[in-house]
Amino acid sequence: MKEKVVRKMKKYFQPEIETMPREQIKEIQNDLFVKQFRRVYESVPYYKAKVDAAGVNPDEIQSIADISKLPFLTKDDLREAYPDGLLAVPKKDVVRIHSTSGTTGKRVVAYYTQNDLDLWSDCTARAIVATGGSEDDVVQVCYGYGLFTGGAGLNDGAHKLGALTVPMSSGNTDRQLQFMEDMQATVLCCTPSYASFLGESAIERGVRDRLKLRAGIFGAEAWTEEMRRDIEDKLQLKAYDIYGLTEISGPGVAFECEEQAGMHINEDHFYIETIDPDTGEVLPEGSKGELVFTCLDKEAFPLIRYRTKDICVLNPEECSCGRTHIRMSKPMGRSDDMLIIKGVNVFPSQIETVLLNEGLTPNYQIIVDRVGSSDTFDVLVEMPEDLFGDTVAAISRREKQIVSSLKSMLGIVAKVRLVEPKSIERSEGKAVRVIDKRKLY
Amino acid sequence: MIQKQISAYLENKPGQLLDYIQVLGENNIDLQALCIADTEDYGLLRMIVDDPDKAVDLLKKAGHSCAITEVLSVVIPDRPGAMRKALAALNEAQISFDYCYAFFSKEEGKANIVFRVPDNDEALKALEDAGALE
């Protein structure tokens, strides 16, 4: 058995890395990048073809400054290369996969070697320590376990730190609160909307005063400063943001420190650029733009210049917490039409596919709102005349069938409302498919 | 007899029924029976009119969605116990219906019942055999 690493009450999980002078970070990035590019170019035929097609001579890539010559990777590449066209190690070296939601079309499968998992858990352990965490903590993880990266990411980080991990996975609020109280959980990890719901439930059931929560690490969906205050008030803890995406590894790509003023990007593993989403031009640090990540030392699934579609601002200023790694703002929007509803990625095109498969017209409207702390998700569908029965039972069956098809495509439940034919407004040009009433950005 | 019934899906918002009925009134269509099944989000309108094909044509031209369903419409005596007899006949023949509604006949002493059943002929036969009809 491995000896438990004792890092009691430290301010940083890996102080030498987290507080490294920026010049040194840049040196590390430079070395890692040049090697990583070579390796990926030589071992991933899909990537080689992409670089060759862009007319880039691989010998010209001599330092990180040359990265802007390289083509971007996007979700379309991941789809084209699905399932393993971007795998950069032999399959026998892979120990795990994770995947994003969505059963067709936009699904992403990411691969991990043992080393990849180790580095990832370092990142999430850093995030826990940044909230004042230590091996004395009891970390309750209510992100979903399984293909979703949330559960595994925080679980492994808490293990790495030597904290007691309570692997709850999502749902079953009564049981969550029971364990939270009985295990005296001090750190809560889940989506901000679930945190808010747990807070409301704790107050309703009169258990709030018996909880010992100190900090919460909340991510996987957009949330505002107002929501942070609301959660902090309800659960009597300090709420920290965490950022990540399956394509790059999972939660822990960036995390908030005690300052709660932007998320430190783990720059020893990930190189960050901001670009103009329209032209692809790299923007100076501090400009608002789309985040583009390069995995510097991931082995199995090392994406180079992956466009996240998240619009953010980077802040290179020194942080009073002592960490030198650059900070990113909360995402301020998306450069594509993806919605994040109840923590799940939803593309309007997926809804269109389901409706067409169901023999319905692609005239639909998605209405997303936030009631209290939970997202509501309504899909208005025009009722085709030939499909409409004259009994309530027939219409209910039809609705249920659409709800179930949407659920198997998206992984979340929508409220489907059949509306009269031609009642959804046709606008000139682009149809208004999405009405997002949430004020998230 | 097999009767053509017009049905329409009405979202729950003000003025919906009026919009439909207006078209009928303006075109001199005689409305003989009307009922609405109400749910949280919508109502299902069902109507018997004197000229269903013309009515549907006019409604569609006016931009309203509607459909024709063939339902069973029977005439029973307008007196206590007559409805019981009809229902007992269907029950005896193990015929279930999705919905039914009743209205006075234009003929004195008679009533109409509309049944939505899986098989109109079978249901009609069961009612006739039991002597439930006028």
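Here are legends for a few close-up views of this predicted model.

**View 1. Chain B as a whole.**
Let's start with the parts list: chain B has 4 helices and 6 strands. The C-alpha atoms of chain B fill a box of roughly 45 × 30 × 25 Å along the principal axes. Of the 134 residues in chain B, 45% are buried. If you take the contacts in chain B between residues at least 6 apart in sequence, 66% of them join residues at least 24 apart.

**View 2. The sheet of chain B.**
Here the 6 strands make an open sheet, in the order β2-β3-β1-β4-β6-β5 of chain B, with antiparallel pairing. At the edges sit β2 (31-38) and β5 (99-104) of chain B, each pairing on one side only. From one strand to the next, the twist averages 30°.

**View 3. Two neighbouring strands, β1 and β3 of chain B.**
Zoom in on β1 (residues 2-11) and β3 (residues 42-49) of chain B, which run antiparallel and are joined by 6 bridges. Which residue is the bridge partner of Ser7(B) in β3(B)? That would be Arg46(B).

**View 4. Helix α3 of chain B on the sheet.**
Helix α3 (residues 82-92) of chain B lies across β4 (67-77), β5 and β6 (110-116) of chain B, and runs at about 30° to β6(B). Four residues of α3(B) are buried: Ala82(B), Ala86(B), Ala89(B) and Leu90(B). They sit on the same side of α3(B) because they cover an arc of only 95° around the axis. The spacing makes sense if you recall that an α-helix has 3.6 residues a turn, so residues three or four places apart point the same way. The buried residues of α3(B) pack against β4, β6 and α4 (120-129) of chain B. Now look at the face of α3(B) turned away from that buried side, and you'll find the exposed residues Arg84(B), Asn91(B) and Glu92(B). Just after α3(B) comes Gln94(B), which takes a positive phi of about 55°.

**View 5. Where chain A meets chain B.**
How many residues does each chain bring to the contact? Chain A gives 16 residues and chain B gives 22 residues. The size of an interface is often given as the accessible area lost when the parts come together. Between chain A and chain B, the buried area is about 1,500 Å², and carbon and sulfur atoms give 53% of that. A helix from chain A turns up on the sheet here: α11 (residues 392-410) of chain A lies across β1, β2 and β3 of chain B, running at about 140° to β3(B).

**View 6. The salt bridge between the chains.**
The count between chain A and chain B is 1 salt bridge. In it, the side chains of Asp41(B) and Lys415(A) meet, at 3.3 Å from N to O.

**View 7. A glycine in a loop of chain A.**
Gly359(A) has its place in the loop between α10 (348-357) and β16 (364-371) of chain A. Is Gly359(A) buried or partly exposed? With a relative accessible area of 48%, Gly359(A) is partly exposed. If you're also looking for Thr274(A), Gly359(A) and Thr274(A) are 85 residues apart in sequence and 42 Å apart in space, C-alpha to C-alpha.

Key. Residues are numbered from 1 along each chain as its sequence is written. Chains are lettered from A and ligands numbered from 1 in the order in which they are written. This is a predicted model: local features need pLDDT of at least 70, side-chain atom pairs count only at pLDDT 80 or more; totals for chains, interfaces and linings use all residues. Side-chain values use heavy atoms; hydrogens and water are left out. Two strands pair if DSSP finds at least two bridges between them. Axes are lines fitted to C-alpha atoms, for helices over the stretch in contact, and angles run from 0 to 180 degrees between N-to-C directions. Contact means heavy atoms within 4.5 Å. Buried means under 20% relative accessible area, exposed over 50%, partly exposed in between (1.4 Å probe, protein chains only). The arc is that of the directions from the helix axis to the C-beta atoms. Buried area is the accessible area (1.4 Å probe) that two parts lose on being put together, summed over both. A salt bridge is a side-chain nitrogen of Lys or Arg within 4 Å of a carboxyl oxygen of Asp or Glu.
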